[in-house]
Amino acid sequence: MTPIIRRRWKTTTTPPVTARKAASGAIVPTAALQMQIIRHSEQTLKTALISKNPVLVSQYEKLDAGEQRLMNEAFQPASDLFGPITLHSPSDWITSHPEAPQDFEQFFSDPYRKTPSPDKRSIYIQAIGSLGNTRIISEEYIKWLTGYCKAYFYGLRVKLLEPVPVSATRCSFRVNENTQNLQIHAGDILKFLKKKKPEDAFCIVGITMIDLYPRDSWNFVFGQASLTDGVGIFSFARYGSDFYSMRYEGKVKKLKKTSSSDYSIFNNYYIPEITSVLLLRSCKTLTHEIGHIFGLRHCQWLACLMQGSNHLEEADRRPLNLCPICLRKLQCAVGFSIVERYKALVRWIDDESSGTPGATPEHSREGNGNLPKPVEAFKEWKEWIIKCLAVLQK
């Protein structure tokens, strides 16, 4: 059976979280707003990162001294680089989605995990529909996301496929009865991507500004991926600042559909403004979901990009960085130098230009040539990376 990862918001309520202690760690209540901290013991984190398996311990000891120094921050209680997970409400992911934690040894030994091979080392990104209010904005936004993925999954090739309209996917679609917003069927998109997957692809991921749904009975889904097929589809529609506003301009009063092949309603669908916050949220979602395709499960060790999220507030609290345990997993899968990966991420943030070598006359007519990359929201992320580089390069 093909493993499927789905991302959605929960609309139901769950019982309040109660403080508990366990051998591997404890959920410790804090005073304000019933927030709770998941704090594991130093030994538990050390075992999760390094393992007790002599072979994996030996692998760890062969890492560069700086890389070991950085990863060892995982079990340093006073570390200002990697902190514990904080739960803010009973609706947070860990509370409402009990999962077995995955340490490095479990990741390494997973028989279903797929690893890039010499002939399959490319991540393909397929835009479905427009992602910006004009063609040049859409093109630049996709390039920014592609550049970020190149840095994040340093050492792999990240390739852009030519954007396609919704009609090319032949997917089902509907108007959501709650939001009155257009939605496309995630499962149909996955089938389209699987057929289109190039020979050298480790995975192919679709990105869209159109809301998704996985089946008629579901309200919506942020994204969906098939781990065995190496395909995924992710929507950024709900990351716009006005999606949940009563004044949201994307509402569709009535679906006028003459046939199942009539996709004309998508010709001028509403797209939110591309802001720094939307770009940050998109980068977060894209790298988190591709991380799942590499076999990384939801992190329950430390504050980490791979934490699950049930709602936008929780997703916003989740950091851009991987904790040392998840970082070791990804490094094992891809084989990058951590120093070079962090330097590539800093370069992506510092390069505020669009990366487009000059705007064409057509671009100039649109009034959006030479777009600056909106990286204001990435400032704290850059400062954090610089601190890590200082540890790595002592």
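A crossing of two helices is called left-handed if the near helix is turned anticlockwise from the far one by less than a right angle, and right-handed if clockwise. Keep that in mind for α6 and α8, whose crossing is right-handed. This is a predicted model, where local features need pLDDT of at least 70, side-chain atom pairs count only at pLDDT 80 or more, and totals for chains, interfaces and linings use all residues. Residues are numbered from 1 along each chain as its sequence is written, and side-chain values use heavy atoms, with hydrogens and water left out.

Back to the helix pair. The axes (lines fitted to C-alpha atoms, for helices over the stretch in contact, with angles from 0 to 180 degrees between N-to-C directions) of α6, residues 135–152, and α8, residues 276–293, come within 10 Å and cross at roughly 45°. That makes α6 oblique to α8, oblique being whatever is left after under 35 degrees (roughly parallel), over 145 (roughly antiparallel) and 65 to 115 (roughly perpendicular). Helices here are DSSP runs of H or I with at least four residues, strands are E runs of at least two, and both are numbered from the N terminus.

Now for the side chains. Among the α6 residues that meet α8 are W144 and Y148, and the α8 side includes L279 and L286; contact means heavy atoms within 4.5 Å.

Next, the sheet. Three strands form an open sheet in the order β8-β9-β11, with mixed pairing, where a pair needs at least two DSSP bridges. β8 (173–175) and β11 (211–213) are the edge strands. β8 and β9 (residues 182–185) run antiparallel, joined by three bridges; V175 has L182 as its bridge partner in β9. Helix α7 (residues 186–196) packs on this sheet and touches β9 and β11.
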